[in-house]
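Thanks for sending this one over. Here are my notes, as a few numbered points to read alongside the model.

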Amino acid sequence: LNVRAAEVMVFAAASLTDALKQVAIDYQKQSGDTVVCNFAASSTLARQIAAGAPADIFFSADEAKMDDLEKKGLIVADARKDRLGNSLVVIAPAASTLTIHSAVDLTGTNLQQIALADPKAVPAGIYAKSWLQKENVWTVIQPKVIPTGNVRGALAAVASGNVEAGVVFKTDAAISKKVKVIYEVPTNDTTRICYPVALVKDSPQPVAARKFLDFLATKEAGQVFRKFGFIVLK
């Protein structure tokens with residue numbers, strides 16, 4: 001009997017990179033199946049899935065991208081779960097002397113550029129824009145925005161010292177020694193940040209994919225996500 005190990009293809013938000021790689025390693029040791037991750041902006045991944053890319057699981061950094069695919073009938077609705085939460089932080093290069101105490105401080109003339117994941121499409125940027133709109137400073141800040149393809153691009157722009165500040169997820173800031181958090185955005189000031197995960201309707205490996213989905217819901221996986229700073233939802 002030739003039982004071949006399955007390869008599960010996970011399309012996951014860029015902010016999940018480090019945590020999900022660790023979860024995948026833990027799972028592979030136990031299951032013998034291989035987990036391959038394609039990390040990018042959730043908006044990019046949703047487009048790829050809609051275009052027929054061979055994905056088994058979609059792990060999005062916001063509900064909107066998942067909702068879009070669900071409306072198109074491209075994910076299995078009963079195999080969808082809100083798994084993680086996150087929060088936003090304002091970061092600066094580690095050596096920076098910049099301090100801010102509120103969104104209004106980002107409007108100052110001492111700050112020329114702010115890196116954000118593309119606020120038109122990418123969840124981290126959309127969340128950041130909605131916070132800045134709520135604080136009535138978006139119109140002033142918008143001309144300073146340097147948009148990046150995903151949240152890790154915004155992190156890299158600040159880490160390199162090329163941009164004075166950026167807004168990223170708290171979990172992204174935690175993985176780089178080249179940046180520091182200069183402001184934590186209160187969770188009440190942003191729309192709820194939620195990461196849903198689901199089985200893709202045309203999954204090439206639905207049985208193996210469901211097993212990995214089950215593992216993602218375990219306490220063990222939850223501990224890894226927590227270690228990387230995510231909020232684990234029940």
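1. Of the 234 residues of the chain, 51% count as buried, meaning under 20% relative accessible area, with exposed over 50% and partly exposed in between (1.4 Å probe, protein chains only). Please keep in mind that this is a predicted model, where local features need pLDDT of at least 70, side-chain atom pairs count only at pLDDT 80 or more, and totals for chains, interfaces and linings use all residues. Residues are numbered from 1 along each chain as its sequence is written, and side-chain values use heavy atoms, with hydrogens and water left out.

2. On the overall build, the chain holds nine helices and eleven strands; these are DSSP runs numbered from the N terminus, helices being H or I with at least four residues and strands E with at least two. The C-alpha trace spans about 70 × 35 × 30 Å along its principal axes. A compact globule of 234 residues would have a radius of gyration near 17 Å, and the chain agrees with its 18 Å (taken over C-alpha atoms; the rule is 2.2 Å times the number of residues to the power 0.38).

3. How is the chain tied together across its sequence? Among contacts between residues at least 6 apart in sequence, 79% join residues at least 24 apart, a contact being heavy atoms within 4.5 Å.

4. Now to the salt bridges, each a side-chain nitrogen of Lys or Arg within 4 Å of a carboxyl oxygen of Asp or Glu. The count comes to eight. One of them joins R152 and D18, at 2.7 Å from N to O. This pair brings together distant parts of the chain, with R152 in helix α6 (residues 151–159) and D18 in helix α1 (residues 17–31), 134 residues apart. R152 is buried, at a relative accessible area of 18%, whereas D18 is partly exposed at 26%.

5. R152 has another partner: D172 forms a salt bridge with R152, with the closest N and O atoms 2.6 Å apart. Here D172 sits in helix α7 (residues 170–174) and R152 in helix α6, 20 residues apart. Both D172 and R152 are buried. Through shared partners, salt bridges join D18, R152 and D172 into one network.

6. A further salt bridge pairs the side chains of R192 and D82, at 3.9 Å from N to O. R192 lies in the loop between β9 (179–184) and β10 (194–200), and D82 in strand β4 (residues 75–85), 110 residues apart. D82 is partly exposed, with a relative accessible area of 26%.
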